[in-house]
Amino acid sequence: MAGKTALVLSAGGMFGAYQAGAWSVLGKHFQPDIVVGTSVGALNAWAIAGGCSGEDLVRSWTDPVAAAFLEFRVPLPPWRGFFEPEAFRTRVDNLFFRYTPRVPVGIVVTDLFRLRSRLVQTNEITARHLAAACAVPGGFPPVRVDDLWCADGGLLGALPLWGAVEMGATRAIAINALPLLPSRVLRGLAQTVRWLSREKKSAGGIDVSVLAPERPLGTISESTRWNRETLQRWIEAGADDAQRAISSGVLQDISAPAKRVLQ
């Protein structure tokens, strides 16, 4: 019996454009059996699981209306987050109702009170789960879903490979747009939160190929602002990295045993 291949998408804010570029190439060579994502990767995962082509995903990222995903508050009441939640929720609602999953999809959110990651699957997913998966602390207020206060799913780990394991994948193709947080302060905060959580999620037992940029795509400021030229650069970087991986033979035969790391 053939195993199942998962596409796993990381956190990363506007760096999610890199995932769109990579998918514009990878999507022409294979279709995943499972899609898993967190934070911005949850939004991309929902679209891809719903049949969104790479070209359509790229167009959605380069459309100026995408700027509403991260729209700064004016004036800014810092205790409610830096970004406008209503504009964000409207964009998330539109995305949610635009697509219906054609393959199983998993979205990772963080249970804030317990500091635990939670995987929500296919028919359980609502627009509120998608919003919660992106509710980065300080950026957006937490979202209440299923009687839990939830926040950004990347808080305890940017790349939720463990979710693919829980959904029955035997191998995973991962697109990690955030291999390193672009700020020492944020890295320190993330390490502290993860130490407090002490959560241990295992991705053992599956073959994993990870596609990621060699260095951080940009600054923390760039990761929160929509800029067509910058996003286009990240899209092209994702497409180039995916094409090199395929040309090297790593993904030439998706049914063959996977390599461990692409780069």
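Thr-38 touches Leu-9, Ser-10, Ala-11, Val-108, Gly-153, Gly-154, Gly-157, Ala-158 and Pro-160, with residues up to four places away in sequence not counted; a contact, here and below, means heavy atoms within 4.5 Å. The residue is found in strand β2 (residues 34-38). Helices (H or I, at least four residues) and strands (E, at least two) are DSSP runs, numbered from the N terminus. Thr-38 is buried, because its relative accessible area is 0%; buried means under 20% relative accessible area, exposed over 50%, and partly exposed in between (1.4 Å probe, protein chains only).

The structure is a predicted model, in which local features need pLDDT of at least 70 and side-chain atom pairs count only at pLDDT 80 or more, while totals for chains, interfaces and linings use all residues. Residues are numbered from 1 along each chain as its sequence is written, and side-chain values use heavy atoms, with hydrogens and water left out. The pLDDT is the predictor's confidence in each residue, from 0 to 100. The protein chain averages a pLDDT of 88, and 91% of the residues score at least 70. Over residues 254-263 the pLDDT is below 50, and this stretch has 30 contacts in the model beyond near neighbours in sequence.

The protein chain contains eight helices and eight strands. Its radius of gyration is 17 Å, which agrees with the value near 18 Å that a compact globule of 263 residues would have. This radius is taken over C-alpha atoms, and the globule rule is 2.2 Å times the number of residues to the power 0.38. Along its principal axes, the C-alpha trace spans about 55 × 40 × 35 Å. Of the 263 residues, 53% are buried. Among contacts between residues at least 6 apart in sequence, 76% join residues at least 24 apart.

The protein chain exposes about 12400 Å², of which carbon and sulfur atoms supply 54%. Accessible areas come from the Shrake-Rupley method with a 1.4 Å probe, and for residues only the protein chains shown count as cover. The chain has 28 positive and 23 negative charges, and their mean positions are 5 Å apart. Lys and Arg count as positive and Asp and Glu as negative, whereas His and the chain ends are not counted. The place of a charge is taken as NZ of Lys, CZ of Arg, CG of Asp or CD of Glu.

Helix α2 (residues 40-49) is mostly covered, with 10 of its 10 residues buried. Among them are Val-40, Asn-44 and Trp-46. Leu-43 also has its place in this helix. Leu-43 counts as buried because its relative accessibility is 8%. Leaving aside neighbours within four places in sequence, Leu-43 is in contact with Phe-69, Val-92, Leu-95, Leu-130 and Cys-134. Leu-43 and Leu-9 are 34 residues apart in sequence, and their C-alpha atoms are 9.4 Å apart in space. Helix α2 is followed by Gly-51, whose phi is positive, near 95°.

Glu-55 has its place in helix α3 (residues 54-62). At 36% relative accessibility, Glu-55 counts as partly exposed. Glu-55 and Ala-174 are 119 residues apart along the chain, and 19 Å separates their C-alpha atoms.

Asn-176 is found in the loop between β7 (171-175) and α7. With a relative accessible area of 10%, Asn-176 is buried. Not counting residues up to four places away in sequence, Asn-176 touches Ser-10, Tyr-18, Leu-159, Val-210, Leu-211, Ala-212 and Pro-213. Asn-176 and Phe-15 are 161 residues apart in sequence, with 9.5 Å between their C-alpha atoms.

Thr-122 lies in the loop between β4 (116-121) and α5 (127-133). Its phi is near 25°, a positive value in a residue other than glycine. Thr-122 is partly exposed, with a relative accessible area of 21%. Arg-198 is found in the loop between α7 (184-197) and β8 (207-211). Arg-198 is not a glycine, yet has a positive phi of about 55°. With a relative accessible area of 53%, Arg-198 is exposed.
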